[in-house]
Amino acid sequence: MNVQLRQILLYTKAAKLCTFAYKVLNTKTINDISESLEKKFMDVLVQPKIQKETWESIRKYVIDLSVHPSIVDPLLLNVLKEKKLVDVGISYYQFLAKNNYDLTVTTQTYFLELYEYKGTINKKDEKCILSLYEHFMDKYTSFEIKMSSTLVKNLCNIGEWRKAITVIQKFEKNDTAFLRYAYDDLISYLYNCGEADKAYEYLVISFKKGSGPMEPAYRSYLKYHLTYKHTVNKKIEELFSLWRQYGVNPSEQTILEYTAVCNNLGWSAKQAKLEGMECSVCKQKLLDTLSDKDYERLCKITEQKLIFEMMYYVSDPIEIRQFIKFVNAGKPYDVIIDGLNFIYGNINGYKRLGENLVHNKKKGKKVLVIARKHVKPMIQKMNFEKLANYFFFENLSKDDPFILYAAFASGRNCKILSNDLMRQHKFAIGDTELNVLFKRWQILQQCTFNKQDTMLRQNVSVDGIAYKQLNCWHIPYKLNSIQPRRSNIFKSSWMCFNMCP
């Protein structure tokens, strides 16, 4: 067996053990065992030196509580961490190492976590952390997520940020998961130690790869730039621009901290509500537009990823060619209606469709209704043929790619009428910034309806994205940093930042 294959197998075994251990340790098992240990051994655990026989007795006692031997050590280390007995936990790990117990990657990870709670890290501690770093780097070709995050935090705590970056790089070489906590620790450390250029580099990477860092990194960003009064306003706005560019919604805690600082800097930052995209504070209507460059980029990636690639998964080539020929012969259209979504999303859907078509006909709008063949008889029965153009797909076909093709083929003024926000397509686009452009295009071009609609309504229910209107930034925020990127934003979850009140 070659060395690389052996390393992969070792890592796979370690990762499975980690996963199993974490699932167990996240249950009430910890609390139950913690209480039992406290009753039976607390007097011993607070002693300055614990004998080998005592540790063996404690370990056997926990195993006798029906804890599997493979997780007894990480469980004990975790209990000692929760009890803030950090030095005792270190002593227990040293007992394991000295007596040749199997130090699994899970055990080593929980041991490393102890140093995060240790008040002062001395040279001996630094040597131990670096030793484990070298061990992990040498033994494993890829890293588990918890191990990586713990390593990064500890390496930053001892000033070894370059080694922390190598951990992130090694993890990302084999895993697409976003090391959010690791990025947060790294960015925070780099700003705190004055490495602003490198910190900004990883801040941008964190937006591209995931949902950005957490509160500590934003706090460190602000703290660093507040030391340069002549550029702090510019740097705050630069961060707001990144939030807009990558569709990031900061947490409520972060937005309140920035609100307080901005008000001290002479801005006027206030809680706002949005009604019909109008700010309750500055009374401005939030308007957006895509530059020609951004629109062309979006057209290109949408055609490639969402239209032509997807079409062949959801339809057959003959139908696709017929549709493209049909659209190209009749374009441009003013309105594309997602027929199935509209008909079945309304009470008396066919009647509502007819009312909508009559309304658009009176306004001189050229409408294309895209639907499946099983609705065609009812369309004919209700005499809607002369009110719009129609294309009916086979009943098994999916219509999203075709709706998008017709819209983009008709130009940037074409509107889509559908309640389908197409959130699933962000995975197909595969680029954070372009996903945001797609959302912005939806806000501009997609209209929704409710059960009483006979008119097109601008879509205000899509996910919140930061806006700048004249001198005012409008930032949507989330309740906390754990919520995913661009989750639905309440009308009241906005802050209005007026830079020149």
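1. The crossing of helices α9 and α10 is left-handed. This note, which concerns a predicted model, takes that pair as its starting point. Helix α9 covers residues 161–174 and helix α10 covers residues 180–192; their axes come within 11 Å and cross at roughly 155°. Angles over 145 degrees count as roughly antiparallel, and α9 and α10 are therefore roughly antiparallel to each other.

2. Which residues bring α9 and α10 together? From α9 come Trp-161, Ala-164, Ile-165, Ile-168 and Glu-172, and these meet Ala-182, Tyr-183, Leu-186, Tyr-189 and Leu-190 of α10. Sorted by class, the contact of α9 with α10 holds nine nonpolar residues, no polar residues and one charged residue.

3. A second helix pair deserves attention. Two packed helices are described by the angle between their axes and the distance between the axes. For helix α6 (residues 105–114) and helix α7 (residues 123–139), the angle is about 150° and the axes lie 11 Å apart. That angle makes α6 roughly antiparallel to α7. The crossing in which α6 passes α7 is left-handed.

4. On the α6 side, the contact with α7 is made by Val-105, Gln-108, Phe-111 and Leu-112; on the α7 side, it is made by Cys-128, Ile-129, Leu-132, His-135 and Phe-136. By class, the residues in the contact of α6 with α7 comprise seven nonpolar, two polar and no charged.

5. How many of the ten residues of α6 are buried? Ten of the ten are buried, so α6 is largely enclosed by the rest of the structure. Among the buried residues of α6 are Thr-106, Thr-107, Thr-109 and Glu-113, as well as Val-105, Gln-108, Phe-111 and Leu-112, which also take part in the contact with α7.

6. The loop between α6 and α7 contains Gly-119. Is Gly-119 buried or exposed? Its relative accessible area is 77%, and Gly-119 is therefore exposed, as the cut-off for that class is over 50%. Gly-119 and Val-86 stand 33 residues apart in sequence, while their C-alpha atoms are 9.3 Å apart in space.

7. Two further residues may be set against each other. Ser-148 belongs to helix α8 (residues 145–157) and is buried, with a relative accessible area of 0%. When its neighbours within four places in sequence are set aside, Ser-148 is in contact with Phe-143, Val-167, Phe-171 and Leu-179. Lys-40, by contrast, lies in helix α2 (residues 29–45) and counts as exposed, at 53% relative accessibility. Lys-40 is 18 residues from Ile-58 in sequence, and the two are 9.2 Å apart in space, C-alpha to C-alpha.

8. Most residues other than glycine have a negative phi, and most peptide bonds are trans. Where is a cis peptide bond found? The bond from Lys-331 to Pro-332 is cis, with omega near 5°. Pro-332 is placed in the loop between α16 (317–330) and β4 (335–338).

9. Positive phi values also call for comment. Lys-84 is a residue other than glycine, yet its phi is positive, near 60°. Lys-84 is located in the loop between α4 (72–82) and α5 (86–98), and it is exposed, with a relative accessible area of 69%. Asn-348 likewise is not a glycine and has a positive phi, of about 55°. Asn-348 has its place in the loop between α17 (339–344) and α18 (349–362); at 54% relative accessibility, Asn-348 counts as exposed.

10. The chain as a whole remains to be described. Its secondary structure comes to 22 helices and twelve strands. Of its 501 residues, 51% are buried. The chain exposes about 24,600 Å², and carbon and sulfur atoms supply 52% of that area. What share of the contacts with a separation of 6 or more is made by residues 24 or more positions apart? Such residues account for 70% of these contacts in the chain.

How values were computed:
Residues numbered from 1 in each chain as written. Predicted model: local features only at pLDDT ≥ 70, side-chain atom pairs only at ≥ 80, totals over all residues. Heavy atoms only, no water. Axes fitted to C-alpha atoms, helices over the stretch in contact; angles between N-to-C directions. Helix = DSSP H or I, 4+ residues; strand = E, 2+ residues; numbered from the N terminus. Parallel < 35°, antiparallel > 145°, perpendicular 65-115°, else oblique. Left-handed = near helix turned anticlockwise from the far one by under 90°. Contact = heavy atoms within 4.5 Å. Nonpolar A, V, L, I, M, F, W, Y, C, P; charged D, E, K, R; others polar. Buried < 20%, exposed > 50% of the residue type's maximum accessible area, 1.4 Å probe, protein only. Areas by Shrake-Rupley, 256 points an atom, 1.4 Å probe, with all protein chains shown as cover.
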